[in-house]
Amino acid sequence: METLIIIMIALPFVSALLLSLMKNDSVRQVITYISSVAIIGLAVNFTIRFFVGGAVTQSYFLETALIDHGMLGVEAFLMVLVTVLSFKYKKYYCALLSIAQTGLIFWYELGGHAPTQGYEKVRIDHLTVIMVLIIAIVGTLITVYACGYMKDYHHHHTEFKDRRRFFFAMLYVFLGAMFGLVLSNNLIWLYFFWEITSVVSFLLIGYTRTSEAINNCFKALWMNLLGGLGMAVGIVMLGMSHNISSLDGLVKADGVAVVAPVILLAFGGLTKSAQLPFSKWLLGAMVAPTPSSALLHSATMVKAGVYLLLRLSPVLSGTYAGTMVSLVGGFTFLIMSMLAITVSDGKKVLAYSTISNLGLITACAGVGTEEPIWAGVFLLIFHAISKSLLFQTVGAIENSTGSRDIETMHGLVRRHPYLAWTLVIGIAGMFLAPFGMLISKWAALKAFIDSGSIILVLFVCFGSATTLFYWLKWIATVLASKNNDVKAHNTTSANQWVSILVHAGLMIMLCLAFPIVSSNVIIPYIHQVFNNASQVISNDNIIIMMIMLVAIFAVPAAAWFSARHTEYKKANRYINGVNAGDQMNYYDSMGEKRRFFLANWYMEDIFGEKKLWNPSIVISTVILLACMVISVGGAF
């Protein structure tokens with residue numbers, strides 16, 4: 001297993017090196033295809049060997065002195081890279097943050113302050129397997145999609161320098177870093193891979209090198225470096241004050257005793273998952289090409305943040321750290337779902353939705369009991385696949401139509417039917433029955449009620465209502481059409497379709513496999529974490545899921561049967577007045593003939609960014625500072 005782990009982490013880095021050297025587009029595509037198949041194969045082999053081995057926690061790599069020193073060398077390189085680029089673009093605060101946290105880690109490791117007891121650096125359990133599969137399947141499919149997308153992107157955007165070699169190399173560095181992160185039990189190892197994802201995301205966001213891209217990539221960098229500095233301080237505190245240097249040891253500790261360092265680690269998780277008041281960096285990431293957006297929002301980067309919070313959840317329960325995480329997460333879920341209503345840019349809606357759903361996962365982690373963790377893990381799985389599908393489909397729509405504005409998607413079901421239906425599947429996966437996001441939200445709501453947190457219940461209820469609003473608007477727009485909407489020529493490449501259709505298939509398959517995944521993967525993980533064999537979730541949740549599965553087939557079948565045996569009289573549609581008879585024009589109240597048009601209501605003047613953003617930043621900052629001051633003050 002150790003050899004398999006080494007290959008799985010190393011292969012993406014090797015692929016990145018090869019891709020960075022290949023100028024020929026066809027050769028680069030072949031390397032991408034081979035690397036993707038190999039990585040997925042390794043991940044599947046890894047999963048099979050885990051379950052064949054008894055599906056119990058497994059640990060590896062006890063003596064790693066050489067690897068540890070190599071990691072320090074890479075950290076020094078990353079610090080120099082960030083410092084040079086920060087000085088080049090006069091963003092000196094980023095250099096300061098990078099030097100501070102790297103210097104602290106060097107002092108901790110080389111100064112003899114880190115605990116010296118032996119323990120395995122890699123630890124594998126059910127959650128690790130879930131994350132490895134998400135990274136391997138979703139992540140590599142995004143790179144396959146990028147082959148066709150980036151060719152079209154540079155065809156339409158000739159003003160940007162073609163740096164596809166660099167782009168594809170960074171995508172695979174990202175995947176390698178994510179594998180290392182989710183496999184790490186050692187906190188220093190986790191921090192090392194964590195910082196790689198921060199730097200690579202910074203480089204990807206700044207791909208086009210426009211002034212907007214440069215500003216946005218440095219915004220992402222300083223926020224993630226700030227979270228990294230918090231993590232570094234927390235790791236040092238755990239090692240020096242509590243003799244803890246592993247995730248396993250931390251989870252077994254008394255949550256109250258280690259609340260100060262845990263709140264600093266959780267702070268890093270909140271910044272990485274773009275929770276308020278750090279959400280701006282992920283919204284700014286939309287300036288990058290769609291594949292990097294899909295990767296940042298689905299399989300990597302932000303998932304690293306909620307992954308760490310879910311790992312920490314047992315020691316968050318009942319502490320100020322847990323209160324901070326759950327309140328910030330719930331508040332972010334509500335505010336971002338409200339803001340998603342007010343924008344028409346498809347990628348921006350997806351960005352707000354991503355932050356919102358990450359907020360709900362964060363809130364589940366903060367509560368830190370069995371049922372919300374069950375809900376949080378399922379939300380993570382469904383969100384990864386659904387959001388990757390949505391970003392890729394919107395990118396394909398933009399390349400096909402020249403726009404990603406929702407208002408230009410009227411009649412898409414007739415003009416580009418395949419893209420329209422994959423978009424509908426992705427949206428349905430986010431909020432409709434029988435997809436797991438809905439049942440997971442139900443479980444989260446029940447868990448929040450059981451915890452007695454009225455404010456979290458309100459966050460979920462109102463956040464779910466606003467979520468329903470913006471998704472239904474989008475679906476209705478895509479499925480609405482006019483008589484003059486005709487099918488357009490398909491310009492989406494085959495490699496883009498491979499990724500899009502596989503994602504859509506995975507979305508449907510996961511819906512059908514929901515009970516199996518729950519009973520064989522997630523519930524055993526929770527039993528191991530909490531060291532109990534009690535019932536994790538109510539059987540009502542599974543029963544509701546089964547009813548939804550039956551209904552999703554029974555209701556359309558009944559409607560079809562009824563339609564075949566009932567005669568309907570076709571009537572003219574109502575279009576804000578008396579139909580002129582051609583379904584395209586109507587007579588208004590003054591008797592004048594007008595052509596109808598379709599449009600949504602965005603309510604930006606009621607609760608748009610100008611209304612909500614600054615108050616949201618203030619409230620979330622107060623929550624963060626209050627919990628941190630109380631917990632850190634109590635530690636001393």
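Modeller: Ile48 is partly exposed, with a relative accessible area of 48%. Keep in mind that this is a predicted model.

Colleague: Why is Ile48 called partly exposed, and not buried or exposed?

Modeller: Buried means under 20% relative accessible area, and exposed means over 50%. Ile48 falls in between, because its relative accessible area is 48%.

Colleague: What volume does the largest cavity have?

Modeller: Two cavities reach 30 Å³ or more. The largest cavity has a volume of about 80 Å³.

Colleague: Which helix supplies the largest share of the lining of the largest cavity?

Modeller: Helix 3 (65-88), helix 4 (92-110) and helix 7 (187-205) each give at least two lining residues. Among the lining residues are Glu75, Ser98, Tyr191 and Leu225. By class, the lining has six nonpolar, three polar and two charged residues. The largest share, four residues, is from helix 3.

Colleague: And the second largest cavity: which helix gives the most to its lining?

Modeller: This cavity holds about 50 Å³ of space. Its lining includes Ala340, Ile406, Trp474 and Tyr602. Seven lining residues are nonpolar, one is polar and one is charged. With three residues, the top contributor is helix 20 (residues 454-479).

Methods
Residues are numbered from 1 along each chain as its sequence is written. This is a predicted model: local features need pLDDT of at least 70, side-chain atom pairs count only at pLDDT 80 or more; totals for chains, interfaces and linings use all residues. Side-chain values use heavy atoms; hydrogens and water are left out. Buried means under 20% relative accessible area, exposed over 50%, partly exposed in between (1.4 Å probe, protein chains only). On a 1 Å grid over the protein atoms alone, a cavity is a set of points where a 1.4 Å probe fits but cannot get out, and a pocket is an open set with protein on both sides within 12 Å along at least five of seven lines; lining residues have an atom within 4 Å of a point. Grid points are joined across faces, edges and corners, and a volume is the space filled by probe spheres set on the points. Ala, Val, Leu, Ile, Met, Phe, Trp, Tyr, Cys and Pro count as nonpolar, Asp, Glu, Lys and Arg as charged, and the others, Gly among them, as polar.
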